[in-house]
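Hello,

Here is the structure I promised to pass on to you.

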Amino acid sequence: MDRANLNSQLEHLQSKYVGTGHADTSKYEWGVNQARDTYASYIGHYPMLSYFALAENESIARVKFNITEKMLQPCGPPPERTD
Amino acid sequence: MSDDIAAQIKAEQEKRARDNATQREDTRVSLTGHGYDQDIYGSGDKFAGYSTSLPMDDDEEEDELTQRALAGAKKLSSYTAPKEVYSHLASVDEDDTDPFAGRTESTRIADREDDYRKRRNNRVLSPSRQDPFAKGEAESESRSYAEVMKEAELEREQQRVMQKIAEKKKEAQKATGQDAPPPPTPTGRKRRWDVATPVVAPAATSSWNEPDDHVAVPSNRWEETPKADVKKRNRWDETPVASSTSSWDATPRASSGAGVAETPTTKRSRWDETPVAPSGMFGATPSGQLGMMTPNMAVPMTPEAMNAQRWEHEIDMRNRPLTDEDLDAMFPTTGYRVLTQPSSYQPIRTPGRKLTATPTPYAGNGFMMQDENMKQDYGIAPTEIEVPGGGNLPFFKQEDMQHFGKLLDEKDESAMSAEDIKERKIMRLLLKIKNGTPPMRKAALRTITDKARDFGPGPLFNQILPLLMSPTLEDQERHLLVKVIDRIMYKLDDLVRPFVHKILVVIEPLLIDEDYYARVEGREIISNLSKAAGLATMIATMRPDIDHADEYVRNTTARAFSVVASALGIPALLPFLKAVCNSKKSWQARHTGIKIVQQIAILLGCAILPHLKNLVDAIAHGLEDEQQKVRTITSLAIAALAEAAHPYGIESFDSVLKPLWSGIRKHRGKGLAAFLKAIGYIIPLMDAEYANYYTKEVMVILIREFQSPDEEMKKIVLKVVKQCAGTDGVTPQYIKEEILPEFFKNFWVRRMALDRRNYKQLVETTVELAQKVGVTEIVSRIVEDLKDESEPYRKMVMETIEKVVTQLGAADVDGRLEEVLIDGILYAFQEQTVEDIVMLNGFGTVVNALGFRSKAYLPQITSTILWRLNNKSAKVRQQAADLISRIAVVMKTCGEEKLMGHLGLVLFEYLGEEYPEVLGSILGALKAIVNVIGMSSMTPPIKDLLPRLTPILKNRHEKVQENNIDLVGRIADRGAEFVSAREWMRVCFELLDMLKAHKKGIRRAAVNTFGYIAKAIGPQDVLATLLNNLKVQERQNRVCTTIAIAIVAETCAPFTVLPALMNEYRVPELNVQNGVLKSLAWVFEYIGEMGKDYIYAVTPLLEDALMDRDLVHRQTACTTVKHMSLGVVGLGCEDALLHLLNFVWPNIFETSPHVINAVMDAIEGLSVALGPATILQYVVQGLFHPARKVREVYWKIYNNMYILAQDGVIPFYPSIENDAKNTYERSELFYVV
């Protein structure tokens, strides 16, 4: 398996699954992916949402909204590009 | 009725008694003992070599024991074929010359081309074109669009004038009443070979068309070569020496000294012809050929000439006269007398027999100045010569001389210009690609691709394209070169623009190649080319060819355009197409434009639907063109469009319906055929009501044309009838009354069966009609013809009946018809002279369709079969046996067990059959009978049958093997208890050889049979046999053995097999250990959940394997771990699996593809069984490792795990601490209520 082929495979993988990483993934990127995956998972599991709502004393819809909002830049602004 | 049949049988038997001549001597073998083929199967005495009594004294026993111990100590390194097989092979090898070597078809492309395809040679690689989009100065050499168009115009004008002149001449000659010589049409088709030529052939019949040893020059198109003649000639069977004074075969009257053949006194007709005419050996003094005293190297020989020379020289060498010294060396010194030659003897001096009558200088004697630098030393005539320069170049055929000759002149590269060096570099790469070994070729291909932009398009294409035009090009070479073009085009991108036309000239012929893959390749290239060069360039380049004078060019251009359309989209090309189809200037342009549309429809299929309306409108006016050819192609294009659009898009054809309609009334002949075809394809698109109306309208004309003698018309009419009949609106009533009488009268005649395409079309149409009108209607009309005297016709009838009955069943066949049908089929079956699968299928299908109703005929059928089973002709016997397997089920349905038992016995008696094809069929028939009547009621009883089958397992013929193993497997599965364990062991040993079979079905059946046998007689003995077989060399054999072991383990429960298997792992031999591991992998794959009881048992073994130095050990162990872990998900074996994970994990850095794949699979399997969290903990260690290599691997594992269980890892992500800028904390999961 040659190098070009491997890379193209990786690209294909990445285009299909956003959360996959590669050797140059930064801490920030990984953190963002983790956060988004986490929130998406919460939204997908209704019992989780209702549990959080209970703990936060909010309505379920509010919790859901908050989580959805957080998915945009979940870890704050991206770090400055250094190159 | 039964009386009737009895009488018939009696008559039949009497007839047979009369023609006993067709029968063989009785070859049947008695039920007991082996009487046949002992040389193949070994003598029947299976106890030979055994002691028949128990040993009496202890010494002997002692001896035997020690001997056995010795044998045990000396392990067999492998199981191989017996010695005599090897010795046989060795003896065969020496004279193992391929008897067909000289007769195999040449792989050269030029040799199989017909005249039309050869016209590609008329095309030239035009100078490159300017790229209007390119920045910077255009090259002075390249031409602009305007220039090209002007040139095309000139060419057409020239063509027109030539034609005019020719016509004038013809008229003039007609006027004077002379015989007209063929008009000199410059691009016209070659005359067909069978048309009489005006050149008068000499009276003496020449032997040109006989296979002649000395003209065995394989393929240099020698029909064209003797250009030295006065008259132009293009017939292969003409005598090449047109001399009227003497026939060429005769001895020349006064040979002009020294045996030099007469040099024809004609001047060369054209200065630019290749100076060395291919096979110039006939007549012309081979002037300036290589190896002569004056090697005239100015022009390298053409490849054909070289090949011819090589052959000729070899034959010369062999046929050279023996000298006195040779004779002295050969004969004894005394005991014979040398006779003087008779005075009347005159040596043969016919040039035709002596080939090059000039003495061959390289034959060894004579003078010759050795040229130091001559690489083509024909004296030794190697077929391949080595190329200097590093020694890493591939060998070199003489044919390559023309293109690659430069590589041989060992010049100093440092003294050359950069351009020359580049040229040589490309040349070397191309040579490697063309002639090199696969790795060499791969490397060169990559280099040339990577450096494509450095080399530049000019130098690359200037070398590749001429190579592709070479007359000696072979398929493989063409494929490789086309691949090169494809790759470099991808790299060069828009730099190819100036070369588009050149590339097209070379690639377009691929589009009409007879080889499917060549066509696909051609399409691929053109589509890539159009993507690289862009639509504008493609159109500008191909525009001048659209109304080219040569039809060949227009045809290929149209095809190329359709490829462009498929690559860049139809909408992009539509405006251009409309313009071309409307061209006022020339009908050729309109014709080509419409042809493009037709090709687009054929190529794109239903993808044309969105543009259907536009396409139809673009060509609609062509139906009323003044040029007949345009009208024809337009209707063909409409037919293609309708076919592609089926079943949609009728509304798009509204505009053409009327002209088509009026067209079929106006036209006759070929034009009408095309119009009918278009209508035939449009009618199925219509809704029922319209279809009915139009069918009725068109049917009048169709019925009129039923009588047309024109073959093409017949085919189209049949096709249209089929299409009309298939539509909903046409009623059975209508078909019965209007169509069928005429149809059967005109088409169901013997003549139709003779042409294959007519035959096929007629059968299809009839079947389609039967769909509408039912079986009886059709079958009753043709059933009588089953007794027709013409065999092809009977075959056609049978095929039709078979298809009709398959599709519609025989439910509405009444009693009378049924009788006639069976009678006819029996007749046709027995009267066939060429045993054909059609008859067999027809018979089988009809009998099966009749089912229970065929009971009455079964005795008669069986007696026919029995009679034919003993026929002299092997084919007949085979067919009879095949028929048994077809009708076995029906016989059971009819309750004819007794009859089947009888057949079984007879088949059994014929197991000594010598023809493998027949034997295979007999075995198949036995299998069918056994399947139907069951093991217990089978006659002959299974206990007699199987011992007879065992030796046949040795037969190497695939068909025999397959049928036999199926039968044996069936018996092992269902009736193992009828046979002794000992016999089954014998079968086991024979089965081991079956694992070598090429056919997968045979290997699979053999492996399954092991399972059945193990189940029947217990696993111990079978397992021992199989474990021994792990020591053999062949991989395939071992792999099959491991599978067999696993199957045995599965069928007999793993605990019966695992101990022995694991014990075998202690054998210090790689193959055995790997075999054991592989078997374990299969076992755990097959037993699934059951594996939970065995994990702890095999874990220590796997530990050892996963730590082994050998890669394959670890790879196979990983595979085992994968299957194991997948089997025991959720069954509480996590402790063992985690333990194994610790052994698997260190292998993640392996680089060998198979190993790393196996490791990744194992980890994936474990992450299913252990949960992704565990794997995540392992992975997190290396995701941000300082070494990139480490990170890459860890991320790969992470990605796999992530895709597998994205949701599952969420609670387990490590928490990352917030930094000054970013917050990474996710606190929700810490909530506690």
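Let's begin with chain B, whose secondary structure comes to 52 helices and two strands. Please keep in mind that this is a predicted model. Chain B has 1233 residues, and 37% of them are buried. As for how the chain folds back on itself, take the contacts in chain B with a separation of 6 or more: 75% of them are between residues 24 or more positions apart.

Now to chain A. In this chain you will find four helices and zero strands, so if you follow the elements from the N terminus on, you read α-α-α-α. Chain A has 83 residues, of which 19% count as buried. Looking at its contacts between residues at least 6 apart in sequence, 47% join residues at least 24 apart.

Where do the two chains meet? On one side are 24 residues of chain A, and they are in contact with 22 residues of chain B. Two helices of chain A, α2 (27-44) and α3 (46-56), each supply at least two residues of the side that touches chain B. The largest share of that side comes from α2(A), with eight residues. Sorted by class, the side of chain A that touches chain B has 13 nonpolar residues, ten polar ones and one charged one.

Conventions: Residues are numbered from 1 along each chain as its sequence is written. Chains are lettered from A and ligands numbered from 1 in the order in which they are written. This is a predicted model: local features need pLDDT of at least 70, side-chain atom pairs count only at pLDDT 80 or more; totals for chains, interfaces and linings use all residues. A residue is buried if 20 or more other C-beta atoms lie within 10 Å of its own, exposed if 12 or fewer, and partly exposed in between; C-beta atoms are placed from the backbone. Two residues are in contact if their C-beta atoms, placed from the backbone, lie within 7 Å. Ala, Val, Leu, Ile, Met, Phe, Trp, Tyr, Cys and Pro count as nonpolar, Asp, Glu, Lys and Arg as charged, and the others, Gly among them, as polar.
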